[in-house]
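Please look at the sequence and the structure before reading on.

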Amino acid sequence: MNSLSDRYDAVRARIAEAAQQGKRSATDVRLLAVSKGQPADALGALATLGQRDFAESYVQEALAKQVMLAEAGWLAPPLIWHFIGPIQSNKTRAIATHFSWVHSVDRAKIAQRLNDHRPDDLPPLKILIEVNMDREGTKAGVDPDAVADLAAFCRTLPRLQLMGLMTIPAPGSTGAFARLAALNVQLNPVLPELSMGMSDDFEAAIMAGSTQVRIGSAVFGARRMTPNRATFNG
Ligand SMILES: *Cc1c(COP(=O)(O)O)cnc(C)c1O
């Protein structure tokens with residue numbers, strides 16, 4: 001059985017290999033460890049191996065682990081927390097307060113609330129717009145045709161810093177990565193970050209220009225807890 005450090009090394013090697021094939025530098029691709037469903041001690045073990053960026057999908061679950069890791073001494077050097085899950089209006093204050101990055105902004109109302117709730121003593125919240133590239137009916141994300149307008153609106157909000165675009169393609173739709181990159185090129189100005197690629201498809205995403213891959217099971221193994229869905233509806 002592979003240890004955490006073996007899996008972590010293997011994923012980083014595959015990222016470097018894909019970057020090289022895509023004629024890019026491995027340092028241009030940030031690895032986000034998707035830690036939903038993982039206990040705090042697994043995050044601490046990965047932090048000990050040098051990982052700094054962690055991504056969570058459920059607010060309550062994330063905040064509980066942030067407290068546990070802070071108590072375990074992970075404040076200096078600090079961990080960098082990314083929120084990647086669906087955002088309900090009543091969670092914007094917690095998200096704006098406890099995360100550095102939010103990848104799942106898909107409507108103006110949520111952007112406005114994140115802006116309004118970002119504490120003054122923190123730098124602007126870095127955000128990405130989630131795009132429903134395959135126009136799946138049930139999926140989160142803005143329609144590709146609406147990205148430019150939402151980006152323009154986000155740029156008017158002083159407590160947000162618009163960094164890029166994010167997508168979760170339909171199963172098997174690896175062409176969505178190149179289409180997201182093409183959509184970005186049409187924006188004015190072009191955004192620096194593309195958050196795309198998960199355990200099963202990150203190499204294709206890197207070849208298409210991903211700058212942030214969100215990888216859970218390939219690093220941690222299978223999720224060990226049921227991610228906290230209760231916080232969605234509450
Ligand atoms: C869970 C999740 C991931 C990671 O999925 P794996 O298949 O475990 O790598 C990436 N992005 C989002 C938005 C997720 O919810």
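Helix 3 covers residues 59-71, which makes 13 residues; at 1.5 Å a residue they should span 18 Å, and the end C-alpha atoms are 18 Å apart, which agrees. The expected span is 1.5 Å times one less than the number of residues. Helices (H or I, at least four residues) and strands (E, at least two) are DSSP runs, numbered from the N terminus. The model is a predicted one: local features need pLDDT of at least 70 and side-chain atom pairs count only at pLDDT 80 or more, while totals for chains, interfaces and linings use all residues. Residues are numbered from 1 along each chain as its sequence is written, and side-chain values use heavy atoms, with hydrogens and water left out.

Which residues of helix 3 are buried? They are Val-59, Glu-61, Ala-62, Lys-65, Gln-66 and Leu-69. These residues cover an arc of only 155 degrees around the axis, which puts them on the same side of helix 3; the arc is that of the directions from the helix axis to the C-beta atoms. An α-helix has 3.6 residues a turn, so residues three or four places apart point the same way. Buried means under 20% relative accessible area, exposed over 50%, and partly exposed in between (1.4 Å probe, protein chains only). After helix 3 comes Gly-73, with a positive phi near 100 degrees.

Strand 8 (residues 212-215) is covered on both faces: Gln-212 and Arg-214 are buried on one side, Val-213 and Ile-215 on the other. Its partner, strand 1 (residues 30-34), pairs with strand 8 in the parallel sense over four bridges. Two strands pair if DSSP finds at least two bridges between them. Leu-32 is opposite Arg-214 of strand 8.

The structure holds two aromatic pairs. The ring centres of Phe-54 and Trp-81 are 5.8 Å apart and the planes are at 35 degrees, so this pair is tilted. Since Phe-54 lies in strand 2 (residues 53-56) and Trp-81 in strand 3 (residues 80-83), the pair ties together parts that are 27 residues apart in sequence. Both Phe-54 and Trp-81 are buried. Phe-83 and Phe-99 form an edge-to-face pair, with 5.3 Å from centre to centre and 80 degrees between the planes. Rings of Phe, Tyr and Trp (its six-membered ring) pair if their centres lie within 6.5 Å; planes under 30 degrees apart count as stacked, over 60 as edge-to-face and the rest as tilted. Phe-83 counts as buried at 1% relative accessibility, and Phe-99 is buried at 2%.

The count of salt bridges comes to ten. A salt bridge is a side-chain nitrogen of Lys or Arg within 4 Å of a carboxyl oxygen of Asp or Glu. The table gives some of them.

| Salt bridge | N to O distance |
|---|---|
| Asp-53 and Arg-30 | 2.9 Å |
| Glu-56 and Lys-65 | 2.8 Å |
| Arg-179 and Asp-134 | 2.8 Å |

Asp-53 in strand 2 and Arg-30 in strand 1 are 23 residues apart, and their pair links distant parts of the chain. Asp-53 counts as buried at 8% relative accessibility, whereas Arg-30 counts as partly exposed at 28%. Glu-56 counts as buried at 0%, and Lys-65 counts as buried at 2%. Glu-56, Glu-61 and Lys-65 are linked in a network of salt bridges.
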